[in-house]
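Hi everyone, thanks for coming.

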Amino acid sequence: RPRVGSRAQGRCAILEKFGGAAKGPAPHLRRSGGAATVKTMLLEWCRARTRGYPHVDVQNFSGSWGSGLAFCALLHSFFPDAFDFATLEPAARRENFALAFATAEERAGCAPLLEVEDMVRLPVPDAKCVYTYVQELYRCLVAKGLVKTKKR
């Protein structure tokens with residue numbers, strides 16, 4: 001029987017909780033596994049929801065969100081009628097952030113925790129700010145019944 005490293009085992013466990021990464025239900029983000037596990041699961045959820053969107057490659061909670069397109073893709077995956085993702089440009093950071101945050105507030109009921117000006121001021125967004133915002137968005141989507149969590 002081949003040996004599997006702990007990193008591979010961890011990824012398998014995360015994918016198992018997802019029900020198969022890009023397909024199946026979103027992960028149940030209870031804090032039973034600690035903050036690092038929750039953060040990894042939330043990042044995997046973002047990857048799964050944004051997979052296939054052009055100019056979006058979610059690898060972390062900082063640089064991957066710098067153009068605003070990852071936020072737009074995440075929201076578009078839930079609200080495809082809110083805007084035409086194909087018309088968005090990576091260089092139009094201010095417009096992308098404004099669109100994403102307005103859509104999150106209007107459609108998901110997400111509190112405006114981030115400001116567009118703060119996001120465009122820095123070339124790389126602060127990972128803690130992005131992580132906190134995505135957590136809040138996830139919580140709002142669960143509350144609206146748009147994200148199904150596994151029962152424990």
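One term before we start: buried means under 20% relative accessible area, exposed means over 50%, and partly exposed is in between, with a 1.4 Å probe and protein chains only. Please keep in mind that this is a predicted model, where local features need pLDDT of at least 70, side-chain atom pairs count only at pLDDT 80 or more, and totals for chains, interfaces and linings use all residues. Residues are numbered from 1 along each chain as its sequence is written, and side-chain values use heavy atoms, with hydrogens and water left out.

So, how many salt bridges does the structure hold? There are 5 salt bridges, each being a side-chain nitrogen of Lys or Arg within 4 Å of a carboxyl oxygen of Asp or Glu.

Let me begin with glutamate 136, which is buried at 16% relative accessibility. Its salt-bridge partner is arginine 139, at 2.7 Å from N to O. Arginine 139 is partly exposed, at 47%. Both residues sit in helix H6 (residues 127-143), 3 residues apart, about one turn of the helix. By helix I mean a DSSP run of H or I with at least four residues, numbered from the N terminus.

Next, glutamate 44 and arginine 47, whose closest N and O atoms are 2.5 Å apart. They belong to helix H2 (residues 35-50), and because they are 3 residues apart there, about one helical turn separates them. Glutamate 44 is buried at 7%, while arginine 47 is partly exposed at 21%.

Over in helix H5 (residues 116-121), aspartate 118 and arginine 121 are also 3 residues apart. Their closest N and O atoms are 2.3 Å apart. Is arginine 121 buried or exposed? Arginine 121 is exposed, at 58%, and aspartate 118 is partly exposed, at 37%.

Now for the core. A nonpolar core is a set of buried Ala, Val, Leu, Ile, Met, Phe, Trp, Tyr and Cys residues joined through side-chain atoms within 4.5 Å. The largest one has 41 residues, and those touching the most other members include Trp45, Phe61 and Val134. H2, helix H3 (69-78), helix H4 (93-108), H5 and H6 each supply at least two residues of this core.

Finally, take phenylalanine 61. Beyond its neighbours within four places in sequence, its contacts (heavy atoms within 4.5 Å) include Leu42, Cys46, Val130 and Val134.
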